[in-house]
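Thanks for coming. Please look at the sequence and the structure first.

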Amino acid sequence: MAPSFDWWAKESHRGTPVVVKMENPTWSMVELEGPSDDDFLLDGSTKLNRDKGRGKNAKQLTWVLLLKAHKAAGCLTSIASAMFGLAAAVRRRVAAGRTDTITDADNENQTVRTRFYSCIKVFLWLSVLLLGFEVAAYFKGWHFGAPHLQLQYLLATPLGVKGLFDSLYSRWVLIRVEYLAPPLQFLANACILLFLVQSLDRLVLCLGCFWIKFKKIKPVPKEGSSDLESGDKSSNGFFPMVLVQIPMCNEKEVYQQSIAAVCNLDWPKANLLIQVLDDSDDPITQLLIKEEVHKWQQEGANIIYRHRVIRDGYKAGNLKSAMNCSYVKDYEFVTIFDADFQPAPDFLKRTVPHFEDNDELGLVQARWSFVNKDENLLTRLQNINLCFHFEVEQQVNGVFINFFGFNGTAGVWRIKALEDAGGWLERTTVEDMDIAVRAHLHGWKFIFLNDVECQCELPESYEAYRKQQHRWHSGPMQLFRLCLPAIIRSKISIWKKFNLIFLFFLLRKLILPFYSFTLFCIILPMTMFIPEAELPAWVVCYIPATMSFLNILPSPKSFPFIVPYLLFENTMSVTKFNAMISGLFQLGSAYEWVVTKKSGRSSEGDLVSLVEKEPKQPHRVVSVPNLGEMEEQILEKEEKDSLKKKKKKHNRIYTKELALAFLLLTASARSLLSAQGIHFYFLLFQGISFLLVGLDLIGEQVE
């Protein structure tokens, strides 16, 4: 029962019992005094009783305030313990000495990584040197209240009157004004222009999404749409031949869930074939997956196991090899699910009917949903990004221009469209975007279904997320260099060429990471040390906050994380910028494919299907493989793993993010001298964000 603060209200409420329940389990329920018999006397002693009642209510209020104070003290204790835990984690990171150079040495071009890190270190040391110089000038009496210093005062005062330090600082100010501020201001204005163009593009996308919601625009099949909406499985007679492919590579955490979900798809068995495309180089994982496939075959599922000996081309090579099988010619559509995806049983019945009597349709893409979106802060922030991507970007592009980038999974392709576009190519690490662009150039249309979801996992560690984002942002730049001549020569309309070149590639794949990193991580700190070049407050605060608000609208439950989301997006710009440069100039790290680490979390759909499963259908959700025949291999594997303890999962220190953290914190200290409030707070919190990410404190924590 909530505590009452209405002791000053009408007399009818006076003396009401108050019960306060403490949230701390070590406290019991406290019942305060209720009304006594004296409260009901109507004699001349009413005034005296009223005074007694007021005294009791005052006592009740005192108890409530004391309990509130105890609760506040408990919160402070929790914050203190959290800070001690954070300090202990930082101490462990520093003591372990594991940095990203150990992990990335094999996966990233070492020369490029070293040069990029060296540039950041140069900026950091220069900022520290300038900060010391500026602090000394501040104590010498120089005024920093306004960004523009009074040059007339500097020129009017003879140099001989000044001391050595004042002379040096005067010359430094003149150098700033004459040589450094103009090019920096020009670069800042250019980045601001790009920022405004990109913000306008995002605003237009949001308006398009609002229009779709307002008009209730939704793709429906040309025929049988009412049957599809009602969920009547027998009324819709469109059951073409469908091939389902599950490419995987060393993903023993999730193979059972994905195979079980696909084998439970509600589709005629005679018209469905499932290919498990295993590229694992671990023999134990191969045997486990093969055993799982064999058990589903015994239960009547039309499923086959394929393993490549020569693993060329990563996922694209795996899919290309599977499409070359002779029996594929008997199938009209192909559905692709990554190893961690778990489609609902009615997935095919809600996607394939859109192809009926629609010969121009080449792809139907479903939306992703995430089983671990609330696991930690990192997964919550990823959920915000991907919700905006699907509900706004994919849906708007699908409704208005019938084109968007294929997400690589949870989509149904017309096999004829794949063949017309040239099939899967191994030339980039974004084979899904590659095939979508080539199909679009050949005139095929795409449909995005926002109401059809397929459950999957989000990376829970920053290391896995960082590698995923590097691949997602280097691949598009590779593809842009390769596809630009084909786009120019294609027969599509000028508007579609403009959309592909400027909006799809340049604005959303190149300009976005470029200005995010350059403007907020380089130019903004430099303007603190060169105050003659200015960044307006609306660039630093108001527009980014507005864009973050728009980004978070598709996931309204994430509104409490709007500030961490804004800071984290700027923090990730260093990884995205590095990846963009690698892909654009074809550096070594742009061609590396790293499989995103999975945790193997079960979805709610698995549990529901297990409970609601009909006894007539002996489908299993998971199975326990028979390891009797694998005992020797498992023992050998354990011996090998014991010799590779250094490869165990652990948190690391990320040097680039850490260097940028100190750069931004140094710039925030300099901004205090100029009394720039908004700039100071932005640099301070952005520096703290980089610090937390650099110490790997945002994602999964490994003890």
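Predicted model: local features only at pLDDT ≥ 70, side-chain atom pairs only at ≥ 80, totals over all residues.

**From one residue to the whole chain**

Contact here means heavy atoms within 4.5 Å. Met-580 is found in helix 17, residues 562-584. Helices (H or I, at least four residues) and strands (E, at least two) are DSSP runs, numbered from the N terminus. Met-580 and Met-477 are 103 residues apart along the chain, and their C-alpha atoms are separated by 6.3 Å.

Is Met-580 buried or exposed? Met-580 is buried, because its relative accessible area is 2%. Buried means under 20% relative accessible area, exposed means over 50%, and partly exposed is in between, with a 1.4 Å probe and protein chains only.

Residues are numbered from 1 along each chain as its sequence is written, and side-chain values use heavy atoms, with hydrogens and water left out.

pLDDT is the predictor's confidence in each residue, from 0 to 100. The protein averages 81, and 75% of the residues score at least 70. Over residues 18-42 the pLDDT is below 50, and this stretch has 41 contacts in the model beyond near neighbours in sequence. Residues 642-647 also stay under 50, and for them the model has 0 contacts beyond four places in sequence.

Now the overall numbers. The protein has 21 helices and 9 strands, and 50% of its 703 residues are buried. Take the contacts between residues at least 6 apart in sequence: 81% of them join residues at least 24 apart.

Next, the inside. A nonpolar core is a set of buried Ala, Val, Leu, Ile, Met, Phe, Trp, Tyr and Cys residues joined through side-chain atoms within 4.5 Å. The largest one has 87 residues, and among those that touch the most other members are Trp-413, Val-437 and Phe-505. Strand 9, residues 445-456, gives the most to this core, with 7 residues. Apart from it lies another core, of 51 residues, among them Ile-212, Phe-520, Phe-682 and Phe-690. What covers them? The cover includes helix 9 (314-323), strand 8 (411-414), helix 12 (415-420), strand 9, helix 14 (462-489) and helix 15 (494-529). Helix 13 is followed by Gly-443, whose phi is positive, near 95°.

Helix 9 holds Ala-316. Ala-316 counts as buried because its relative accessible area is 1%. Leaving aside neighbours within four places in sequence, Ala-316 is in contact with Trp-424, Leu-425, Glu-426 and Glu-431.

Val-204 is in helix 5, residues 164-215, and counts as partly exposed because its relative accessibility is 49%.

That is the tour, and I will take questions.
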